[in-house]
Amino acid sequence: MGRGRIEIKKIENVNSRQVTFSKRRNGLMKKAKELSILCDAEVALIIFSSTGKVYDFSSGW
């Protein structure tokens with residue numbers, strides 16, 4: 001059985017929002033890395049947080 005669907009809306013609790021951002025950011029970076037390895041693709045990912053921090057991933061440049 002899969003997970004239930006969540007309603008896509010802004011998370012009002014600041015702490016919960018930051019935790020969710022961190023987890024989803026890490027998951028997105030992992031998927032980008034997997035895509036670049038499995039498909040021999042060049043992938044670039046740039047993420048800007050609401051606090052102004054920049055996170056990036058690039059494969060093989």
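Is Phe 48 buried or exposed? I found Phe 48 exposed, at 61% relative accessibility. My cut-offs: buried means under 20% relative accessible area, exposed over 50%, and partly exposed in between, with a 1.4 Å probe and protein chains only.

**Ground rules.** I noted that this is a predicted model, in which local features need pLDDT of at least 70, side-chain atom pairs count only at pLDDT 80 or more, and totals for chains, interfaces and linings use all residues. Residues are numbered from 1 along each chain as its sequence is written, and side-chain values use heavy atoms, with hydrogens and water left out.

**Phe 48 and its surroundings.** I placed Phe 48 in strand β1. Helices (H or I, at least four residues) and strands (E, at least two) are DSSP runs, numbered from the N terminus. Not counting residues up to four places away in sequence, Phe 48 touches Lys 53 and Val 54; contact means heavy atoms within 4.5 Å. I also checked Phe 48 against Lys 9, 39 residues apart along the chain, and their C-alpha atoms are separated by 18 Å.

**Ser 49.** I then moved on to Ser 49, in the loop between β1 and β2 (54-58). Ser 49 is buried, with a relative accessible area of 10%. With residues up to four places away in sequence set aside, Ser 49 touches Phe 21 and Tyr 55.

**Tyr 55 and the core.** Which residues does Tyr 55 contact, leaving aside its neighbours within four places in sequence? I listed Phe 21, Arg 25, Met 29, Leu 45, Ile 46, Ile 47 and Ser 49. Tyr 55 also belongs to the largest nonpolar core, 6 residues in all, together with Met 29, Ala 32, Val 43, Leu 45 and Ile 47. The elements that give two or more residues to this core are α1 and β1. A nonpolar core here is a set of buried Ala, Val, Leu, Ile, Met, Phe, Trp, Tyr and Cys residues joined through side-chain atoms within 4.5 Å. I jotted down that in soluble globular proteins, nonpolar side chains tend to be buried together.

**Ser 36.** This serine lies in helix α1. Ser 36 counts as buried because its relative accessibility is 10%. Beyond its neighbours within four places in sequence, I found Ser 36 in contact with Ala 41, Val 43, Phe 57 and Ser 59.

**The salt bridge.** How many salt bridges does the structure hold? I counted 1, where the side chains of Glu 34 and Lys 31 meet (4.0 Å, N to O). The rule is a side-chain nitrogen of Lys or Arg within 4 Å of a carboxyl oxygen of Asp or Glu. Both residues lie in helix α1 (residues 14-38), 3 residues apart, about one turn of the helix. Glu 34 is partly exposed at 31% relative accessibility, and Lys 31 is exposed with a relative accessible area of 56%.

**Asp 40.** My next stop was the loop between α1 and β1 (44-48), where Asp 40 lies. Asp 40 has a positive phi of about 50° although it is not a glycine. I noted for background that most residues other than glycine have a negative phi. Asp 40 counts as exposed, at 71% relative accessibility.
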